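Visitor: I have a new structure open and would like to learn how to read it. Could you walk me through a few features?

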Amino acid sequence: MQWLLQLQLPAAQFYHVAADNDFLYQVYGSQQDNSSVGIQTRSDHGFIDRGDWDAVGGGESGYIVPDPRDSNIVYADDEGPIFTRFDRRTNQAQSIQEWPEDPNGYSAATQKYRYTWTMPIVISAHNPDVIYHSSQYVFRSNDAGHTWTIISPDLTRNDKSKQQDSGGPLTKDQYTVEYYDTVFTLAESPKQEGLLWAGTDDGWIQLTRDGGKNWANVTPKDVPEWAMISLIEASPFETGTAYAAVDAHKLDNFKPYIFKTTDFGKNWTKIITGLPDNSYVHAVREDPKRKGLLYAGTETGIWVSFNDGGNWQALQLNLPNTPIHDMIVHDDDLVVATHGRSFWVLDDISPLRQAAASVAAEVAHLFTPRTAWRTRIGHVNPRRYPIGENPPSGAILYYYLKEEQKESAKLEILDAQGKVIRAFTSEEKKTEEAPEEWERDNPEEHIPGKAGLSLFTWDLRYEPPVKIPRAVYDAGDPIAPLVLPGTYQVRLTVGGKAQTASLEVKMDARVRTSAEDLRKQFDLLLKLRDRQDEMNKAIIAIRDLRGQLQALEKRLGPSPASKSDASDPPNPVVTASTDLRKKIGTIEEELIQVNGRSTEDFANYPTRLESKFAYLQNVTDSADTAPTAAEEAVFAELDQRLEAQLAKWRDVLAKDVLALNETMRKNNVALIAPAAMPAR
């Protein structure tokens with residue numbers, strides 16, 4: 001057990017959720033006993049911190065909806081008549097209440113308009129100048145809330161016995177939170193302008209197909225009397241189809257209720273098979289890209305149906321067991337508003353959209369990946385801090401394996417010419433890394449080989465240079481260039497059988513750098529990668545050769561200088577080996593700082609070519625721009641210095657090693673050779 005600061009607990013109770021259309025989109029909601037929130041779902045510094053969210057008008061309850069054309073404008077309501085239009089540019093929240101009269105202390109029966117804790121806000125998908133809001137009536141504004149028109153009669157039961165004084169007998173409790181007989185949910189059909197569904201907190205569903213001129217009560221007969229219509233979802237595929245989530249827990253009825261109609265409410269079907277009997281439903285949504293793929297938010301978690309509600313199964317994964325009050329599908333993400341554990345995002349629901357019974361029968365299945373955005377947002381998860389987590393950075397690749405693989409599975413990325421530019425296997429090879437000095441996420445190097453659905457994130461980079469075991473770099477490890485925007489292929493090979501899927505990589509929508517300048521940067525970074533690869537292989541080979549020479553000298557005895565009897569004749573092999581070891585040591589010391597054990601060592605021991613190349617590579621890769629003249633010039637100089645040392649190494653291989661082997665042959669000693677480096 002331990003005490004935690006309040007700010008360390010992701011415990012916000014959100015009522016609803018909405019998203020804007022920005023690149024790197026934000027989500028919005030009101031949190032109980034706190035403020036409204038507009039927060040990034042990813043940031044450019046690798047995680048989501050306090051600076052990535054702000055209050056956007058409204059208050060602790062209600063709906064929040066950003067203008068789909070301009071995320072600086074946010075509409076938000078709160079208890080009672082509070083309703084604001086917030087402008088981020090001025091930080092002003094303009095009141096746009098339909099009737100700005102203070103209702104506190106009065107019963108609902110005395111009010112011109114009955115508002116409660118959460119009142120729906122809908123911006124029309126057909127005309128974003130149109131905003132809908134509600135009390136016991138439905139309101140419409142065509143001028144950003146400056147004027148409002150009532151477009152419905154009282155759509156509730158309007159039972160005056162349930163609109164009397166709240167609280168007592170010592171004191172009343174009337175802040176509109178307790179007001180009853182209100183329109184609790186509104187939904188506009190994405191298929192037909194003017195088709196509106198309204199659900200009330202006293203158990204009725206009403207429908208208009210002509211923009212509010214005529215309304216019909218289309219309540220399902222199986223809705224418990226006085227239950228709350230918690231949320232209505234109008235189908236994005238069929239005009240007459242809608243789904244309703246009904247909450248009857250205030251009637252001591254904890255059963256789940258979801259209803260579906262395909263004929264404008266004339267007939268309804270209850271669709272709850274598979275849902276737990278004691279977990280009432282707050283919200284239901286239909287996926288906008290796959291018809292009949294439904295999501296349900298209940299008091300205890302989240303559920304999915306692949307057959308239009310015919311059956312439900314849990315979609316909990318790593319989501320805490322908590323009430324799910326609302327959900328939205330935004331692009332390829334599923335965003336949920338929990339009532340106790342803040343916002344959560346299921347990044348990339350492509351496998352859900354592509355799921356089919358046939359997939360489970362396959363030995364392996366590669367899902368078609370969604371578009372990957374070439375950004376530099378990164379992913380860092382320093383667990384010691386109270387921060388939100390960025391989604392995986394790069395291309396999210398999903399695949400299914402029927403069984404755990406005995407043989408290594410392979411995942412390859414191919415460019416437009418069919419050339420493999422990156423390859424991963426499920427075989428976990430031992431690597432010798434220097435101890436980590438900073439908390440960071442290391443790149444993934446192996447794909448999962450376990451049975452079931454696996455996720456692997458490719459960082460959109462080419463194959464990196466060969467790694468030097470336990471190498472320490474002064475200012476950034478060696479990297480490979482990011483791929484250029486374009487179409488690539490993902491190839492999964494399992495049990496000798498390969499399957500491919502297309503992957504589109506698009507440029508960060510905020511970047512305006514030309515394709516020509518991106519190519520210049522890519523070309524220089526690829527040269528840096530290739531030269532580092534040559535250098536690193538040479539360093540590894542030098543160290544391997546040194547190991548052989550040391551073993552040889554140990555086997556043949558001490559060198560003449562270390563012998564106690566200087567009159568003994570020198571061993572020519574040991575002498576040649578010692579001289580060669582010193583020679584290659586001189587080359588190595590120019591390529592890499594051999595005394596570097598941590599980054600602090602470079603304050604005392606100067607950096608060598610290995611760190612200088614990595615440094616230049618990282619600064620050249622710092623932004624999506626063409627290389628500077630200075631970067632080009634430094635590369636040219638470093639390239640010459642590297643070539644001078646590599647030429648010496650090649651000369652050692654061509655002459656000195658051969659000469660040593662010749663000496664060994666004459667003295668009947670087994671030959672040596674540097675170990676061959678595997679191809680990249």
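**Salt bridges and a helix pair**

Guide: Let's start with D87, which counts as buried because its relative accessibility is 15%, and the cut-off for buried is under 20%. Keep in mind as we go that this is a predicted model.

Visitor: Which residue does D87 form a salt bridge with?

Guide: The partner is R89, and the closest N and O atoms of the two are 3.1 Å apart. R89 counts as exposed, at 53% relative accessibility.

Visitor: How many salt bridges does a search of the whole structure find?

Guide: The search finds 47. Some are linked into a network, as with R374, R376, R461, D621 and D624.

Visitor: How far apart are the closest N and O atoms in the salt bridge of K467 with E445?

Guide: They are 2.5 Å apart. K467 sits in the loop between β35 (452–458) and β36 (486–494), while E445 is in the loop between β34 (420–425) and β35, so this pair ties together parts that are 22 residues apart in sequence. K467 counts as partly exposed, at 44% relative accessibility, and E445 is partly exposed too, with a relative accessible area of 33%.

Visitor: Where do E534 and R531 lie?

Guide: Both are in helix α3 (residues 515–556), three residues apart, which is about one turn of the helix. R531 counts as buried at 11% relative accessibility, whereas E534 is partly exposed, its relative accessible area being 35%.

Visitor: What describes two packed helices?

Guide: In general, you use the angle between the axes and the distance between the axes. Here, α3 packs with helix α6 (residues 629–666) at an angle of about 30°, and their axes are 11 Å apart.

Visitor: Are α3 and α6 roughly parallel or roughly antiparallel?

Guide: They are roughly parallel to each other, because angles under 35 degrees count that way. Their crossing is left-handed.

How values were computed
Residues numbered from 1 in each chain as written. Predicted model: local features only at pLDDT ≥ 70, side-chain atom pairs only at ≥ 80, totals over all residues. Heavy atoms only, no water. Salt bridge = Lys/Arg side-chain N within 4 Å of Asp/Glu carboxyl O. Buried < 20%, exposed > 50% of the residue type's maximum accessible area, 1.4 Å probe, protein only. Helix = DSSP H or I, 4+ residues; strand = E, 2+ residues; numbered from the N terminus. Axes fitted to C-alpha atoms, helices over the stretch in contact; angles between N-to-C directions. Parallel < 35°, antiparallel > 145°, perpendicular 65-115°, else oblique. Left-handed = near helix turned anticlockwise from the far one by under 90°.
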